[in-house]
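Please open your viewer and get ready to click along. We will take a short walk through one protein chain, stop by stop.

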Amino acid sequence: MANKEKLLASAQKFLAKGQVSKAVSEYQKLVEAFPKDVRNRQKLAELFSRDNRNDDALREYELVAKHYTETGFYLKSIAVFKQMQKLEPSRVDIYHRLAELNEKQGLVGNALSEYRNLVSFYEKNGMLNEAIDVLEKMSELDPENLNVSAKIAECYKSDGQNIKAFERFQLIIAPLVEKHEHTKIIKLYDRFLDICPEEVEARLPLALALFNSKLYDKSIQFLKSLLKQAPENQEVTRTLADAYVAMHDFSNARLTLQHLLKQEQTDLDLREYYVRICLDGGDFETARDRLEEWKDAFFHAERVTALRLFYEELKVALPNDSVVVETLTAIYDAVGETEKLSDLDVSLKIADVPEETAEAAILDEAISDVEELEMVGEEAAPDVEVPPLDKIAPKATPAAAGFELDLDLDLDLDLDLGPAVGAKAESVKEPESEEVDVDVDVEIELDLDDLGALELEFEEEPTDEVIAAEAAEAAEAAEAAEAAEAAEAAEAAEAAEAAEAAEAAEAAEAAE
């Protein structure tokens, strides 16, 4: 025991004089004499490091770390490996050990940080397969971390493994679609679009994200391209129609929806949407004709309210249309809104009066007004001889009798040459949409500079678990540091006393 104290005192004496190499020799003797004393070995490793003997230091540190790991003192083992990491940053096995130890300790955030450092090292050295292996471990450790998955896809892409890169990319996009993270979807496609196949399934999420982000012109480009490949895809067709409506391009919206109605002929929701597009685009005659075809189906489906609103809107747009008035009369009668029928009867009667009859009525009223005037101050006209009947001149028409009727007729000459109202749907052949039935080459350029670059850095907020664990680690480290300082102070005091005792003994021997 005295021998141990003497060696410690001697080492402290050399350290006090700055003689690190001599202190190392004393600690080597201590380690050889007391191999199970881990503190002496750790101190020896530290002195090796101070003496620039890094290989020797790493050897001793590794033995200490192994001891702490085997005995379950993971935090102490982590602290030792951190010292090793400072001495030799290029040793990848140290990163692995640190990540594993942090994981065992429950410090997931710290483990990911160590793996992240390892990925950076592999990338700098062009070791992409090794980086992918580490990233896969990170993904297993934190499966919800989309940044990790994105980094895996990026590494596969950089290594030319585009199929695997796309498979990983799809795993990233799926949860983003569910969460409606449209901006993130667009940014990811901006990074990985070149590895995506041309198929609808591969690119539809981008088209939908562009639409939902109100980038309608770009979404139309993608949707037209997708519709060319899959003309029967109803989601593509419906979204394309919606995009045209958002751009107020009602003509193309109507033609696109018409293509969808060919597939879903009995879908009343689509029929309502079609009529709505016609009305918003000012195509009132087409809206009327389609409603006349479909009104029975709306009645049977108890959608009378929607039908009534459509016809009331048509009544405003086409006030003299007898077909609209008649159908609206039937609707009011069916729903019991009889108070509105009187106005419709007046409209219907005015609409049914022939134009010639109306003109004659105006002439009759004018003549009657003239006859009723009081002819004050004028004498009656003298009697005239009535000629024989066979010499009576033909009676002049009112216009020839001196009345000139100046009627300004505003004629709508936009003739609807389509089928009569009530014709069967099969006989209607509207022009096909160029976007639907004509093959066109669509050149797509995704310009997303205004959305910023996709951040694939591994920046994430620490969880409560990580914060608590790190706080506990800090507290334990502080206690360990205080204990170490106290121990060192005690050792120093003990060494000083031993040194003084040794000097006193030497002086006594010299005096003798």
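**Before you start**

This is a predicted model, in which local features need pLDDT of at least 70, side-chain atom pairs count only at pLDDT 80 or more, and totals for chains, interfaces and linings use all residues. Residues are numbered from 1 along each chain as its sequence is written, and side-chain values use heavy atoms, with hydrogens and water left out.

**Stop 1: the whole chain**

Show everything as a cartoon. The chain has 23 helices and 0 strands. Both are DSSP runs numbered from the N terminus: helices are H or I with at least four residues, strands are E with at least two. Of the 512 residues in the chain, 35% count as buried. Buried means under 20% relative accessible area, exposed means over 50%, and partly exposed is in between, using a 1.4 Å probe and protein chains only. Among contacts in the chain with a separation of 6 or more, 54% are between residues 24 or more positions apart. A contact means heavy atoms within 4.5 Å.

**Stop 2: helices α2 and α3**

Select residues 20-33 for α2 and 38-50 for α3. Their axes come within 9 Å and cross at roughly 155 degrees. Axes here are lines fitted to C-alpha atoms, for helices over the stretch in contact, and angles run from 0 to 180 degrees between N-to-C directions. The two helices are therefore roughly antiparallel. The cut-offs for such words are under 35 degrees for roughly parallel, over 145 for roughly antiparallel, 65 to 115 for roughly perpendicular, and oblique for the rest. The crossing of α2 and α3 is left-handed, a term for a near helix turned anticlockwise from the far one by less than a right angle.

Now show side chains. On the α2 side, the contact includes V20, A23, V24 and Y27; on the α3 side, look for L44, L47 and F48, among others. By class, this contact has 9 nonpolar, 2 polar and 3 charged residues. Ala, Val, Leu, Ile, Met, Phe, Trp, Tyr, Cys and Pro count as nonpolar, Asp, Glu, Lys and Arg as charged, and the others, Gly among them, as polar.

**Stop 3: helices α9 and α10**

Next, select residues 146-158 (α9) and 162-178 (α10). The axes of α9 and α10 come within 7 Å and cross at roughly 160 degrees. That makes α9 roughly antiparallel to α10. The crossing of this pair is left-handed too.

Which residues of α9 meet α10? They are L146, S149, A150, I152, A153, Y156 and K157. Their partners in α10 include F169, I172 and L176.

Zoom in on S149, which lies in α9. S149 counts as buried, at 7% relative accessibility. Beyond its neighbours within four places in sequence, S149 is in contact with S139, R168 and I172.

**Stop 4: helix α11**

Select residues 182-192 and look down the helix. In α11, the buried residues are H182, I185, I186, L188, Y189 and F192. They cover an arc of only 165 degrees around the axis, which puts them on the same side of α11; the arc is that of the directions from the helix axis to the C-beta atoms. What covers these buried residues includes α9, α10 and α12 (200-212).

**Stop 5: helices α14 and α16**

Select residues 234-246 and 268-280. The axes of α14 and α16 come within 12 Å and cross at roughly 25 degrees, so these helices are roughly parallel to each other. R238, A241, D242 and V245 in α14 meet L270, Y273 and I277 in α16. This contact has 5 nonpolar, no polar and 2 charged residues.

**Stop 6: Q263**

Q263 lies in helix α15, residues 250-263. Is Q263 buried, partly exposed or exposed? At 24% relative accessibility, Q263 counts as partly exposed. Q263 and Q234 are 29 residues apart in sequence and 8.5 Å apart in space, C-alpha to C-alpha.

**Stop 7: two loop residues**

Most residues other than glycine have a negative phi. Select K214, in the loop between α12 and α13 (216-229). Phi of K214 is near 65 degrees, a positive value, and K214 counts as exposed at 62% relative accessibility. Finish at H248, in the loop between α14 and α15. Phi of H248 is also positive, near 60 degrees, and H248 is exposed, with a relative accessible area of 60%.
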